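Dear colleague,

Please read them with the model open beside you.

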Amino acid sequence: MTTRLYTHPVFLEHLTPPGHPERPDRLRAIERVLDDEAFSALDRVKAPEGDEATILYAHPEDFVARIRAAIPESGIVSIDADTSASPKSWQAAVTAIGAANAAVDDVFEGRAANVFVAARPPGHHAEKTTAMGFCLFNTAAIAARYAQKKHQAERVAIVDWDVHHGNGTQDIFWDDPSVLYCSTHQMPLYPGTGAKSETGVGNIVNAPLAPSTGSETFRDAFLSRVLPSIDAFAPDLIIISAGFDAHHRDPLAEINLTEDDFDWATGQLIDRAGRHSGNRLVSLLEGGYDLQGLAFSVAAHVGRLMKG
């Protein structure tokens, strides 16, 4: 089986204000780097539009209705100080959810060894009832619930290496022992959550990193906190919230990782998926705002997924 890639032109039509870091050029940079001959074996599939009912797996109906009502007929509106919506934002967000859920189907039904979803808007800051941090809906959380409902997954692990803590994912699964949430992230930094003391019902594992942290400290956090937690949990599926803004070039944080670190971390999670999850691994794009750092990091990540 091959690595599958989901993307869709509508992801470029989710517009943000001029100068906003979460911009369509992010996906264009990824598309360019994955056009290289080294990625010719990627199974490239157009992302399907999602079933809107699955949004309710992670968010209440009144919140979903508020987001739908906020989508403008023209122009760009602010959902909060950082988060925007344009006329195609609803379709983009729902298609991102459709791609993530299709990726879950693929790994459970044997159509792909693993899957990378290159979508926007990102999702891990979206709490149960709050859109924030560039995110409208929590795609990773919805995909985890989808795996449980559609494929009877008893335990799902979400590993988030975005440089910003995934407060939304933590919020949604705070008291749910069937989902393990592990996060490496810079602290202090937006959104201000993610202390080691935040443990939910024992299912939340935060590994905060100090500003200027580099590869050694990041890898130690993985080896000492994230990977032992996954081994103890033995998930049926691993979902990666794959943000690449911990790269040393990224303008929004101060962690100094290289693409080799993302290659290494990907390999560690592939190994754990092989041990515990029948090789089932789905990766969802989150942050990453320096175009070169993002492109090189995604190339390393996807290249490692393809090696298996």
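Asp271 is partly exposed in this predicted model, since its relative accessible area is 33%, and Arg275, at 51%, counts as exposed. The two side chains form a salt bridge in which the closest N and O atoms are 2.9 Å apart, and because they are four residues apart in helix H7, about one helical turn separates them.

Salt bridges with shared partners also occur, and they join Arg4, Asp43, Asp106, Glu109 and Arg111 into one network. Over the whole structure, the search finds 20 salt bridges.

Arg155 forms a salt bridge with Asp236, with 3.9 Å between the closest N and O atoms, a value to be read against the 4 Å cut-off for a salt bridge. Arg155 sits in the loop between helix H4 (139-151) and strand S6 (156-160), whereas Asp236 sits in the loop between helix H6 (215-233) and strand S9 (237-242), so the pair ties together parts that are 81 residues apart in sequence. With a relative accessible area of 26%, Arg155 is partly exposed, while Asp236, with 17%, is buried.

Arg249 forms a salt bridge with Asp290, and here the closest N and O atoms are 2.7 Å apart. Arg249 counts as partly exposed because its relative accessibility is 38%, and Asp290, at 16%, counts as buried.

On the surface, Glu31, Asp35, Asp36 and Glu37 gather in a patch of negative charge. Of these residues, Glu31 belongs to helix H1 (residues 25-34), and with a relative accessibility of 32% Glu31 counts as partly exposed.

As for the cysteines, how many disulfides does the structure hold? There are zero. Cys135 is in no disulfide, and the nearest cysteine sulfur, that of Cys182, is 19 Å away, whereas a disulfide would require the two sulfur atoms to be within 2.5 Å. Cys182 is likewise in no disulfide, its nearest cysteine sulfur being that of Cys135. Cys135 counts as buried, with 0% relative accessibility, and Cys182 counts as buried at 1%.

Technical notes. Residues numbered from 1 in each chain as written. Predicted model: local features only at pLDDT ≥ 70, side-chain atom pairs only at ≥ 80, totals over all residues. Heavy atoms only, no water. Patch = residues over 30% accessible without salt bridge, like charges linked within 9 Å, V, L, I, M, F, W, Y side chains within 5 Å. Areas by Shrake-Rupley, 256 points an atom, 1.4 Å probe, with all protein chains shown as cover. Lys, Arg positive; Asp, Glu negative; His and termini not counted. Charge placed at Lys NZ, Arg CZ, Asp CG, Glu CD. Helix = DSSP H or I, 4+ residues; strand = E, 2+ residues; numbered from the N terminus. Buried < 20%, exposed > 50% of the residue type's maximum accessible area, 1.4 Å probe, protein only.
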